[in-house]
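Q: Please take a close look at one part of this model, the place where two chains meet.

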Protein chains: 2
Amino acid sequence: MPDALYEKHKDTLKRARTTIVSRTYWSPYPESPRGYGEEAPKKGEAAFESRLGKRFALDQAAAEWSSGGETSAYGRELGVAYPVTEVAALLDNAAAAAHQWAQAPVKHRSGVCLEILHRLGKNSFEMAHAVMQTTGQSFLMAFQAGGPHALDRGLEAVAYAHEAAVSLPKHMQWEKPQGKRDPIVLNKTWRLRPAGIAVTIGVSTFPTWNGYPGIFASLATGNPVIVKPHPATIMPFALFVETARGVLRDAGFDPNVVQLAVDNPGHPIAKDLVMDPRVKLVDYTGGSAFGDWLEQNVTHAEVFTEKAGVNSVILDSAEDLKGVFRNLSVSMTMYGGQMCTTPQNVYVPRSGMRVAGDEVPYADVVAGYTGAIAGLLSDDDRASDILGAIKDPASVDRIEAAAATGRVLLESRQIKNSLYPDAIVRTPVVVAADAADKDSYMREMFGPVIYVIATDSTKHSLELAKESALRHGAITWLVYSTDSSVQDAAEDAAVEAGVSVAFNLTGSLFVNQSAAFSDFHVTGANPAGNASLTDPAFIAKRFRVVGVRKPA
Amino acid sequence: MPDALYEKHKDTLKRARTTIVSRTYWSPYPESPRGYGEEAPKKGEAAFESRLGKRFALDQAAAEWSSGGETSAYGRELGVAYPVTEVAALLDNAAAAAHQWAQAPVKHRSGVCLEILHRLGKNSFEMAHAVMQTTGQSFLMAFQAGGPHALDRGLEAVAYAHEAAVSLPKHMQWEKPQGKRDPIVLNKTWRLRPAGIAVTIGVSTFPTWNGYPGIFASLATGNPVIVKPHPATIMPFALFVETARGVLRDAGFDPNVVQLAVDNPGHPIAKDLVMDPRVKLVDYTGGSAFGDWLEQNVTHAEVFTEKAGVNSVILDSAEDLKGVFRNLSVSMTMYGGQMCTTPQNVYVPRSGMRVAGDEVPYADVVAGYTGAIAGLLSDDDRASDILGAIKDPASVDRIEAAAATGRVLLESRQIKNSLYPDAIVRTPVVVAADAADKDSYMREMFGPVIYVIATDSTKHSLELAKESALRHGAITWLVYSTDSSVQDAAEDAAVEAGVSVAFNLTGSLFVNQSAAFSDFHVTGANPAGNASLTDPAFIAKRFRVVGVRKPA
C-alpha cells in the first residue's frame, strides 16, 4: 500500500522537487473553486454544516470532549466538540508510533504525505468553510489560502524533505589507497534517524497555510506529529488530522503518527507538551511573546517560529500613482490587516513624491492614498468581501489605541455583513504618526491599523523601516520608486534588515502573497521569526544521519 | 584578485563539491609527510622554533601581549606572547569588516577560503610542530590530524557552503497564468544575507581538525569569525589566523574578517564574546559543561557543539580474535585516549565469545585483550610514539579515580619519553566494572582509562551501550560480531542511540578515524554534540535568503 501511494504520486513529487530548484510558477492544486467540478461546492458546504453542534468523529482516545475556545469570527454557533487526549497520553502514543514510522522507507513516508495532501485537496470546499467560519477570512481567501495554497506549501516541504533524505548514496564502497600496500576498503551505508516527537502549535488566522510546512516536513523526515491548534481555531486542523489518520491507517501505519491536541484558553497545554524531553521539534506560528518564550526556553528541541512583524511601504516615486494606490488599498485592507504579511506603515517624504516627472506634494499623496481606501471600501457588501471579519476582538481595541496616538487621516468604519450580522467588520483606521514617535508606529498593531509616517527623505524612510525590522521584525517591504539608485539602496537595506522586498506593484499581485516553490516566507533573519518557509534549514535538523562502516 | 583566487582553485572546489555527494575517498592535501618535498620538514621545524620565546607577529591591535595559559604537553618552554585585543574591540572590528565580506560574491569568498587552505597546506610542517608541542600528539598524528586531515574538513565545509549558496537561480522570470487575462510576470532575484558575527571556541587537543569546519563554514557563507583558542593551546590557531589575515589582505578585504581572541584561564572571555547580541553563530568543541551552558543560554545565536561522549566496543564473536585485539589495542591507546572518538568501554558477555566456531571464555577474552595492550606498549619508545603526551594533568588523576572504582585488570604504567623527559606519558589503566555499577563506567573518563564490563549477553551489552549514549553521549561504536542478526540489532541500536557504528575492524583502519567528504563526525542526535561535521544542517543557518520581486 505505501508503495502504491508513492507510485500514484511520484510524478507530482518529481515535479515538486524540480520546481523548488527552478522556483518557477507551479501549483498542483487548483486555486480556482471552479476547478473542482459542479458538485464539489454543495457537497463541501454540506459536509461542513453536518459537523456543527456535535462531536467531531475523530478516533482518538478521549478523556473528555471539548470545544476548546473555538469561536466563529462570523458569529455563528459552531458547537463542535473534539476529543481531548491527555498530554501524557499524546506523548506516549507518539513515542509508541515513532519506531514503525522511523523505519519506513523514505518513499513510503513521502507517498503517505502526498496521499494526505491529495485527499485534503479533494476536500478543499469543506476546509474552506471551516477556515472561513473560524478565522473570519472571506470565502475566496479561505478557499485559496486554507486549501490549495496551503497544500502547495505542504508539498513544498515534502519535496525538500524527500530531497534531503535521498541525497546520500545507498550502499557504497569506499577505497583509500595505501601506497604499495592493499587499499583500505569499507562498505558504507547511511541510516536516517528522525529527530523525535514533533509538536506544531497553530495560529488562529491561517492554521493550515502556516501549519502544513512544519507538519509535513516533520512527517516526511520520519517524526510523529502532535498538532495543537490555537484554541480559538480548531476545526481546520481537526479536518487535517482526520484525513492524515485515515491515510496512515489505510497504509498500515499507526494513526498516532498524527494526533490532535485540543486545549482551551483557561488551561493551555503547549508548555507541558514542548517541555517533555522526548519532543525534539517545535513549529510555532503566533504572537511574539510565546514565540520568544519558546526560542529562549525550549533548548532541548529545534524550535521553528513564525511570529509578528511590522511591515513597511516606502513611497519614493512612481509612474502611475493611481495604480500604486489601487494596489496598496487592497493589500493593506484585505482580511482587515490580519495577515502577517500585511503592510502596516507607509513612509512618505515630507517633500512628496515624484510622479511621471511631476512633484506631488505630501498632502496630495496622503489624500490620494486615504481616498483610494475609502473608495474601495465605500460599499458595505464589497467591503465585507474584502475585509472578512475580525477574529480577535483585541484587534478592535487597537483601532482606538492607534487613533489616540496620532492624527486620524481616515476614520475606521463599522461595516454590517448582511449574511452574518454578528460578524465584527471594521475598515482600517489610518493615522498620521510623527517619524520621531517610534513608540506609536514601530510596533505591531495587528488588525485594521495603518500608520502614515512623514519623513525627511526616502533615505530616512529606509533607515526607519530598517530599524523597525531589526528591532521588531518584518516579513515584507513594498517600495515604490522609479529611481534605480533608490531601488538599489532599498534592496541593500532590505537585505540588512532581513526582509523580502517587492518593488512597484500596481497590478493584481499583492505584496502579501507568497508563492510556494518560489517565494520564501519569512527570512529567519529578524525578530519576525527564526524559520523560513521553506528553505533547507527548515528541513535539515528534522533528521540525523548515522554512518555504518563494515570491512568489504 | 579574488577572481584569480577562485580561478586558481576552482577545480579543487569542483572536486570537493562532487565528492561530498559521492562520498568516495579523496584528499587534496597529502597525508604523508613525504609528499611535501625534501626541504619542507626542516623549514617547517625552523619556522616553528623561531616563534618560541617571543611575540607572535600578528597584526592585530593589542592592548597587551599574553601567552594566555599556553602549555606544551611535552614540557617545553614555549613562551610565545600573542596580541590581546579587547572583547569590545574584537566585536566592533568584526562588525566593521562584515559588510564588505557580506557583499562579496560567493565565488570570491570561496576563492579566499581555498587560498587560506592552500597556504596552510604548504605550511603543514610548522603547523604539525605547533600542534604536537601544544597538544601532546605524536608528530605523525599532529601532522595528519592538525594539517591535511583538518584542511580536508575545512574544504568540505567550504564545498557545502558554496553548494548551498549557489543553489538558488540567479535572476529569473516568474510567470503565473491568469486564465484569459495576461499572466502575472515578475523578475525575481534572491540575495544571501550572512547571519552575523561568528565565534569559534577551540579545544586544547585537536584545535584545527575540530575548528576549521565551523570557521570555514562561517567564512564561506559571509560571516566574520572571531577565533578564541583554548587558553592552553593557542599557537595552532594563531598560525591559522595569521595565514587567513594575510590572504584576506592580499585579496583586498579587511583582515578583521578573521581575528584571534586570546584569553587565559583566570579571565575567560568566551561568555562575554558569545553573549553580545551581534554574535549569531557559535562553534564550540570541548567539555560538556560549557557546551551545555552554551546550548541553554545562547538563544540569540545558532550554537554548534562537539562535546564529550562515552564510546563503546561490543564484543560478540569474531573469526580472528588476534586481529580484533591488534586493532583495539591501537585504537584505544593512541594519543592516550585523548580523542573524542576513542572507545572507552568494552562490553563482553560473561559467557565469552564465539571465535571461529569455538567458545572462548570471558577470562581468556579479557586476558587476550589486556595482553595485547601490554604487549603493544611494552617498549617505552614505541609506547611514546603511540601514546604521545598527556595534555591536561587532570587526565592523570582520572587514572587513579578509575582504579579505585573497580578491579584493575591492567595497571597504568609511567613511560619516559627519551626526547622530552618532562612529558607526562601513561599507558591506560584497564578496570573491570560491574554492569550494574553505571556510575563508574557510564561517564566520560577522558584520557588513558578503559573499562571492561561483563554483561549477561550481547543484547545486554547493546542495551547498556545505548543507554550510555542517550544519557551521556557517544560518537563511535565498534562492534565485533560474525552473526548477521547481531549486526542488524547493533545497527538498529546505533541508529536509535545516534552513534556512528563500525563493524569488525581488524586491519589498519581504526574506529577513531573519520574521513572528510565521507564520514560524518558526530551525529548531533545524542548529548555528544548537536552538530554533525559536515552535513547540510551545519551550513544551513549560517546565512539567510532575501527575496526581491520586481514587475517584469
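Which residue is the bridge partner of A:V501 in β22(B)?

A: B:V548 is the bridge partner of A:V501 in β22(B). This is a predicted model: local features need pLDDT of at least 70, side-chain atom pairs count only at pLDDT 80 or more, and totals for chains, interfaces and linings use all residues. Residues are numbered from 1 along each chain as its sequence is written, while chains are lettered from A and ligands numbered from 1 in the order in which they are written.

Start with the strands. β21(A) is joined to β22 (residues 543-551) of chain B by 2 bridges, and the two run parallel. Strands are DSSP runs of E, at least two residues, and helices are runs of H or I, at least four, numbered from the N terminus. Strands pair if DSSP finds at least two bridges between them.

Now the whole contact. Chain A gives 52 residues and chain B gives 52 residues. Contact means C-beta atoms, placed from the backbone, within 7 Å. On the side of chain A that touches chain B, the elements with two or more residues include β3 (172-178), β4 (181-194), α18 (484-497), β21 (500-503) and β22 (543-551) of chain A. β22(A) gives the most to that side, with 8 residues. By class, that side of chain A has 24 nonpolar, 14 polar and 14 charged residues. Here Ala, Val, Leu, Ile, Met, Phe, Trp, Tyr, Cys and Pro count as nonpolar, Asp, Glu, Lys and Arg as charged, and the others, Gly among them, as polar.

Definitions and conventions: Two residues are in contact if their C-beta atoms, placed from the backbone, lie within 7 Å.
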